Amino acid sequence: MKFGTKTIHAGQEPDPTTGAIMTPIYQTSTYIQASPGDHKGYEYSRTGNPTRSALEKNLAALENGVHGLCFGSGLGAIDAIIKLLSPGDEVISTNDLYGGTYRIFTKIFEFYGIKFHFIGMDNADKVESYINENTKMIWAETPTNPMMNIIDIKACAQVAKKHGLLLAVDNTFATPYLQQPLTLGADIVLHSATKYLGGHSDVVLGALVVKNDDLAARLAFIQNATGAICGPMDSFLVLRGIKTLHVRMDRHMSNAKALVAHLNEHPAVEKVFYPGLESHPGHALATRQMRGYGGMISFVVKGDNHEDAVSVVSAFKVFTLAESLGGVESLAGHPASMTHASIPKAQREATGVTDGLIRLSVGIEDIQDLLHDVDSSLSVLL
Ligand SMILES: Cc1ncc(COP(=O)(O)O)c(C=O)c1O
């Protein structure tokens with residue numbers, strides 16, 4: 001099946017009892033057993049639920065993987081990945097990543113004796129130079145949030161294979177429509193399905209996809225043993241959202257392209273970060289590694305200061321000032337005080353997340369309204 005067919009059909013069969021085309025919401029915690037251990041494949045809904053299973057199979061197909069595992073949030077999925085490690089193990093992570101990922105690494109797992117090295121991952125040799133005998137994992141988020149840097153997944157996978165490490169890739173920004181990390185050699189793909197996969201800002205859910213059977217079994221053990229699973233209603237909402245993923249992404253991208261061209265020429269804008277710009281340092285790599293450049297844009301207001309950025313985000317009328325991204329509606333955020341506030345200021349600024357940076361999640365509204373909104377909001381600075 002091609003991608004746009006998989007989004008609609010993979011993992012989903014008409015319901016055998018009723019013929020319902022859409023996967024039912026199996027709102028049950030438990031399942032009948034004819035005699036102990038004699039059941040139809042499901043015993044208890046923490047371990048497995050048919051609605052969640054359909055979503056897990058669907059995601060495995062979209063990512064060209066074999067096994068999908070769904071969790072109550074993206075962070076629940078991240079938590080499961082790091083629980084593969086033991087005290088003393090080390091992780092090399094990109095230094096430009098979602099603030100909540102940084103927070104769970106430094107504020108939870110460092111206390112359990114896991115060490116994280118946060119580095120710029122602009123080249124794989126640099127990544128390799130941080131490897132020592134304790135290193136067990138490389139963590140990449142690409143495009144990065146919010147600086148839109150591009151990490152070479154294939155090159156990182158080669159380094160990981162050479163040293164026997166796991167490579168985990170957060171594919172939330174790109175989605176499997178634009179980028180398939182497992183095909184490029186990664187071991188684990190992670191999603192905050194809360195974002196583009198769900199697509200309608202009505203659900204919080206996380207997912208992992210892997211190819212390797214042993215790794216899947218270890219993750220499924222952690223999923224069941226620690227219990228951070230998603231419910232059947234939320235699984236249904238993400239399954240439904242995914243059916244239009246490819247169509248939505250095309251529109252997110254065409255709107256983003258038009259906005260980037262406009263912002264790039266705007267007198268109140270100092271710099272635009274978007275991998276589709278030829279001037280972006282990761283442009284050639286993004287062109288090789290991705291099907292398109294996505295719907296996320298960051299830009300710095302002229303003068304790069306906090307008050308001006310806050311005035312602009314507060315003046316939006318169509319873009320909504322809110323955390324999160326990837327929904328059909330356009331959202332704007334001020335990373336320094338919102339999504340990335342948990343990263344210390346000096347460290348955040350070193351990666352480019354300055355006080356004047358604004359992040360846009362470009363929705364699928366009419367582009368004329370989005371252009372007009374951006375113009376009238378930026379006019380407060382002119
Ligand atoms: C890139 C990225 N990864 C992971 C997460 C965490 O996902 P969730 O909010 O579903 O826990 C987010 C949330 O914003 C994110 O943007």
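Q: Which residue stands opposite L208 in strand 7?
A: L69 stands opposite L208. Keep in mind that this is a predicted model.

Q: Which strand pairs with strand 7 over five bridges in the antiparallel sense, with residues 67-71?
A: That is strand 1, and the pairing with strand 7 is antiparallel.

Q: And what joins strand 6 to strand 7?
A: Five bridges do, and these two strands also run antiparallel. Strand 6 covers residues 188-192. Among its residues, V189 has V209 of strand 7 as its bridge partner.

Q: Is strand 7 itself enclosed or open, and why?
A: Five of its five residues are buried, so strand 7 is largely enclosed by the rest of the structure.

Q: Which residues are on which side?
A: G206, L208 and V210 are on one side of strand 7, and A207 and V209 are on the other. Both faces are covered, and all of these residues are buried. In a regular strand, side chains alternate between the two faces of the sheet.

Q: OK, the core next. How many residues are in the largest nonpolar one?
A: The largest nonpolar core has 41 residues. L55, L59, L205 and V238 have the most contacts inside it.

Q: Which elements give two or more residues to this core?
A: Strand 7 (206-210) is one of them, and strand 9 (296-301) is another. The helices are helix 2 (50-62), helix 7 (175-178), helix 9 (232-242), helix 10 (245-264) and helix 11 (283-289).

Q: What other core lies apart from it?
A: There is another core of 30 residues, which includes I81, F109, I114 and M137.

Q: Changing topic: how many residues surround the ligand?
A: The ligand is surrounded by 13 residues, and the closest are G74, D170, S192, T194 and K195.

Q: Which atoms of S192 come up to the ligand, and at what distance?
A: A polar side-chain atom of S192 lies 2.8 Å from an oxygen atom of the ligand. For G74 the atom is a backbone N or O, 2.9 Å from a ligand oxygen. N145 has a polar side-chain atom 3.4 Å from an oxygen atom of the ligand.

Q: How much of the ligand's accessible area does the protein cover?
A: On its own the ligand has 390 Å² of accessible area, and the protein covers 91% of that.

Q: What about aromatics, how many pairs?
A: The count comes to ten aromatic pairs. In one of them, the ring centres of F3 and Y177 are 5.3 Å apart and the planes are at 40°, so the pair is tilted.

Q: Where in the chain are those two?
A: F3 is in helix 1 (residues 3-9) and Y177 is in helix 7, so to speak distant parts of the chain, 174 residues apart.

Q: Are F3 and Y177 buried or exposed?
A: Both F3 and Y177 are buried.

Q: What kind of pair do F116 and F118 make, and why?
A: Their ring centres are 6.3 Å apart and their planes are at 20°, so the pair is stacked. F116 counts as buried, at 7% relative accessibility.

Q: Which residues form the aromatic cluster?
A: Y102, F105, F116, F118 and W139 form one aromatic cluster.

Q: Last one: where is A34?
A: A34 is in the loop between helix 1 and helix 2. A34 is exposed, with a relative accessible area of 69%. The C-alpha atoms of A34 and I114 are separated by 45 Å, and the two residues are 80 apart along the chain.

Notes: Residues numbered from 1 in each chain as written. Predicted model: local features only at pLDDT ≥ 70, side-chain atom pairs only at ≥ 80, totals over all residues. Heavy atoms only, no water. Core = buried A, V, L, I, M, F, W, Y, C linked by side-chain atoms within 4.5 Å. Buried < 20%, exposed > 50% of the residue type's maximum accessible area, 1.4 Å probe, protein only. Helix = DSSP H or I, 4+ residues; strand = E, 2+ residues; numbered from the N terminus. Pairing = 2+ DSSP bridges. Near = heavy atom within 4 Å. Polar contact = N/O pair within 3.5 Å; in protein donor to acceptor, adjacent residues only side chain to side chain. Areas by Shrake-Rupley, 256 points an atom, 1.4 Å probe, with all protein chains shown as cover. Phe/Tyr/Trp six-rings, centres within 6.5 Å; stacked < 30°, edge-to-face > 60°.
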